[in-house]
Amino acid sequence: MGRQLAGKTAIVTGASSGIGREAASLFAREGARLVVVARRRAELERLVAAIEAEGGEAAAVAGDVRDEAVAEEAVSVAVRRFGGLDIAFNNAGTMGEAVPVPDITPDGWREVLDTNLTSAFLGARHQIPAMVARGGGSLIVTSTFVGHTVGFPGMGAYAASKAGLIGLVQVIAAEFGGQGVRANALLPGGTDTPMGRAAMATPEARRFVEGLHALKRLASPGEIARSALYLASDASSFTTGTALLVEGGVSISRA
Ligand SMILES: NC(=O)c1ccc[n+]([C@@H]2O[C@H](COP(=O)([O-])OP(=O)(O)OC[C@H]3O[C@@H](n4cnc5c(N)ncnc54)[C@H](OP(=O)(O)O)[C@@H]3O)[C@@H](O)[C@H]2O)c1
């Protein structure tokens, strides 16, 4: 077990699956106490049990990240049970319908924006004061290359929500840097998770997406989790307000 996050408490949203689950497990192995958030309670309880079986500490908050009460509860559990909050990985997300912009329904648009962007704002409202009270912290959001370096057809709401996250962390970084709070966006490339696989319904679609990356493959969720660990830990102590591409060269590849 490494100790990069010894003595720290972290919230990870979207921890029932994929990148979030890997990140929560990794943060725990690195010594952090975890508050894990997602809608699927059974998955969260399995994760908590696995962390505890390895000698770690974790608590589950089952709920929808669009609900501010869930954001408040996660911070409250971090403070009451573990004594404070140092790290927040606001990672829960949804892709929405893959349709051209004129075909996105206003309800579909709002669902994606609420889940991907407003959720991070609601989280930050409660996480930042807790971090300031602690003398600082690291706030991370999961954005994507889509809408930042690449316009991907069928992803209008997703791209807008994820680009919005980059603006949000820039402002948080500027507002709270003086109080020791860092805020960064992590921009994964195609990642082999349930969400990533849902976007590649056939073997041909998967090969196509793999081929868009300079590395000619998808990321494993563990590779993205390690980059989240970098942003969470003191290894990135002078990094704030950034959009960190961890995308296998999908932004620079034309082959
Ligand atoms: N996979 C990729 O290729 C890729 C690339 C770039 C960025 N990303 C981003 O990475 C993040 C993690 O995605 P993933 O690939 O790990 O997908 P995933 O395995 O499908 O995980 C998505 C997570 O988000 C949670 N979630 C979704 N809607 C929620 C809601 N309303 N309330 C609470 N939790 C919610 C899900 O939990 P419940 O269903 O239990 O609520 C799940 O834990 C997302 O923000 C995604 O946009 C993914």
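The model is predicted, so local features need pLDDT of at least 70 and side-chain atom pairs count only at pLDDT 80 or more, whereas totals for chains, interfaces and linings use all residues. Residues are numbered from 1 along each chain as its sequence is written, and side-chain values use heavy atoms, with hydrogens and water left out. Helices (H or I, at least four residues) and strands (E, at least two) are DSSP runs numbered from the N terminus.

- An open sheet of 7 strands has the order 3-2-1-4-5-6-7 with parallel pairing, where two strands pair if DSSP finds at least two bridges between them.
- Strand 3 (58–62) and strand 7 (243–246) are the edge strands, each pairing on one side only.
- Strand 5 (residues 137–142) and strand 6 (residues 181–188) run parallel and are joined by 6 bridges; Ile140 has Asn184 of strand 6 as its bridge partner.

**Helices on the sheet**

- Helix 1 packs on the sheet and touches strand 1 (9–13), strand 2 (33–38), strand 4 (87–90) and strand 6, with its direction at about 170° to that of strand 1; contact means heavy atoms within 4.5 Å, and angles run from 0 to 180 degrees between N-to-C directions, with axes fitted as lines to C-alpha atoms, for helices over the stretch in contact.
- Helix 8 lies across strand 4, strand 5, strand 6 and strand 7, and runs at about 165° to strand 6.

**Helix 1 with helix 8**

- Helix 1 (residues 18–29) and helix 8 (residues 221–232) pack at an angle of about 55°, their axes being 8 Å apart.
- That angle makes helix 1 oblique to helix 8, because angles under 35 degrees count as roughly parallel, over 145 as roughly antiparallel, 65 to 115 as roughly perpendicular and the rest as oblique.
- Residues making the contact include Ala23, Leu26 and Phe27 of helix 1 and Ile224, Ala225 and Leu229 of helix 8.
- By class, this contact of helix 1 with helix 8 has 10 nonpolar, 2 polar and 2 charged residues, with Ala, Val, Leu, Ile, Met, Phe, Trp, Tyr, Cys and Pro counted as nonpolar, Asp, Glu, Lys and Arg as charged, and the others, Gly among them, as polar.

**Helix 4 with helix 5**

- The axes of helix 4 (residues 106–134) and helix 5 (residues 156–176) come within 8 Å and cross at roughly 15°, which makes helix 4 roughly parallel to helix 5.
- Among the residues in contact are Trp109, Leu113 and Phe121 of helix 4 and Tyr158, Leu165 and Phe176 of helix 5.
- The contact of helix 4 with helix 5 has, by class, 16 nonpolar, 4 polar and 1 charged residues.
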